[in-house]
Amino acid sequence: MYKYSRMKFYCDENRCINCHGCEVACQVGNDLPVDIARRKVITFNEGIEGKEYSLSISCMHCTDAPCAQVCPVQCFYIREDGIVLHDKDKCIGCGYCLYACPFGAPQFPKDGAFGTRGVMDKCTMCAGGPAPTFSEKEKRLYGQNRIAEGKVPLCAAMCSTNALIVGDAEHVSQIIRERRMAHGHGVLDETPYGWDIAYPNE
Amino acid sequence: MSKLASMLSTIMILFPGVAMATPDIIRQQLPQSVPHYWKWGSLFVNLQVNYFKVFFLVALLAIIIIEFLHFVIIGPKKFRESGKKIRVYNLFVRIVHWTAALSFTLLVPTGLIIVFSKFFGGDGFVRAMRSLHFIGAILFAISVVPLFFMWVLHMLPEEGDIRWFMVGGGYLTKKEVETGAGRFNPGQKIWFWIATVFGTLLFLTGFLMYLRKPNFVIPFVKYQIDALRLAAITHNLIAVIVLIMFLVHLYMSLFAVKGSLKSMITGYKDEEELKYMHSSFYEKIKHKLNE
Ligand code: HEM
Ligand code: SF4
Ligand code: SF4
Ligand code: SF4
């Protein structure tokens, strides 16, 4: 079988135009409730001229994912290609994964009894979940399974400037390198935002 | 009214974040809080992965073993029934006590089930236990205020308390010793302070986790996600202490002194028990009894 390398997201700060299209694509395409934001566009150095830029972040599908380590139910599983998924049937909605996550990725609806947190939801890299692939249940609980369909995840697919890209690590790094070279910056001189935290030893 | 308004505005000036409340502060703070992760984020992961479960398990097993040994070796204290019953708890006190007791009886086991939810398989059962934990927390919040005020004056340190510690509370021997304790013994006093003060801290940290996205900045903590992490850390650490003291209190009232449970139900204690287990208190009320 084809051996995957790790799947990674990369958002190019030189290209992101803060249009929030990825957020909307994810929200609508995965039929998420309003209070769930799997992907969010955030702005750095807001208001500082020349230094302001935006990035789109979601779950980074970390190496040794801290969320999976702290989960008291151990309902996470990490696919061979590095995609971090979890089982919503087992999840108790305790919120610990959110506290462990560097990127604020885990999301919680307030639909538990007495307005307590419901079960966790986060970016699946559009790879569905543990329910049978393409089943009604998978779609309802986890959203689309575009990876199984051989398609690019929704958010990256719709990004009009190709700022947001996703793929196996080598491929993504290759693209970053080419872009930096084209800019005349020479070699890749810094790790993309958050990679040092999400993939510390790679 | 204007006084209240000026008080509120003072608070807002002291904590500017309160005034600038917007719904998703976690999200807004991401640019700054992500690089800051190594502080409280890593600490939470480390504690949750390596320590919390161990703390709870060790505390639970150690206390159960100690209590079992005490029960086998020394056994419950039985006092000769003089037949003379003295009213020590009025109806109000008993109702408040039992509301608080019910809240802890809900909170402690459900809290432990959440901690060990892998063992219980997660899923709907543990989610239901989380709901019960929340109900317990509301019951606690209702009962803690009257509980605190009805007993706080009796729970301050007294002279006889030293003697109580010297004789191990009278629990370390089968013999009947005068312990020197007043209306409440120092053990009960310690439990009172832990239950009310630490219980309130548990309620506040738990409430923060309940809100999950509180739309106000928590004073003294820079990033809201860190406030949640600190809440989870504090909640777990304090819960270990409360768990220990709760189990001790449970054992004392159910097994260590015969009739102890009955007294909180009926409100009456036997004169013989008071004479020894609360001897200073007994000295004080003795003259009234003989009238
Ligand atoms: C041994 C004692 C306790 C343990 C082991 C414990 C454990 C926990 C755990 C693991 C959580 C996080 C899961 C969740 O949010 O549902 C939690 C939440 C909470 N705890 Fe506790 N706890 C204990 C006692 C208490 C006490 C005494 C209070 C005080 C009133 C309290 C109030 C709360 C509240 C309000 C929440 C949030 C509930 C929610 O969001 O659903 N806990 N507790
Ligand atoms: S980004 Fe957060 S939720 Fe995603 S794998 Fe990393 S720790 Fe887990
Ligand atoms: S909210 Fe669910 S997935 Fe997250 S740590 Fe708790 S049980 Fe695990
Ligand atoms: S990969 Fe899919 S689930 Fe993840 S943010 Fe993009 S659209 Fe949403």
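1. What percentage of the 202 residues in chain A do buried residues make up? Buried residues make up 57% of them, where buried means under 20% relative accessible area, exposed over 50% and partly exposed in between, with a 1.4 Å probe and protein chains only.

2. This is a predicted model, in which local features need pLDDT of at least 70 and side-chain atom pairs count only at pLDDT 80 or more, while totals for chains, interfaces and linings use all residues. Residues are numbered from 1 along each chain as its sequence is written, chains are lettered from A and ligands numbered from 1 in the order in which they are written, and side-chain values use heavy atoms, with hydrogens and water left out.

3. Chain A has 7 helices and 6 strands, in the order β-α-β-β-α-β-β-α-α-α-β-α-α from the N terminus on; helices (H or I, at least four residues) and strands (E, at least two) are DSSP runs, numbered from the N terminus.

4. Of the contacts in chain A with a separation of 6 or more, 55% are accounted for by residues 24 or more positions apart, contact meaning heavy atoms within 4.5 Å. The C-alpha trace of chain A spans about 55 × 45 × 30 Å along its principal axes.

5. A:Y53 has its place in strand β3 (residues 53–57) of chain A, and A:Y53 is partly exposed because its relative accessible area is 25%. Leaving aside neighbours within four places in sequence, A:Y53 is in contact with A:E13, A:I42, A:T43, A:F44 and A:N45, whereas the C-alpha atoms of A:Y53 and A:L141, 88 residues apart along the chain, are separated by 34 Å.
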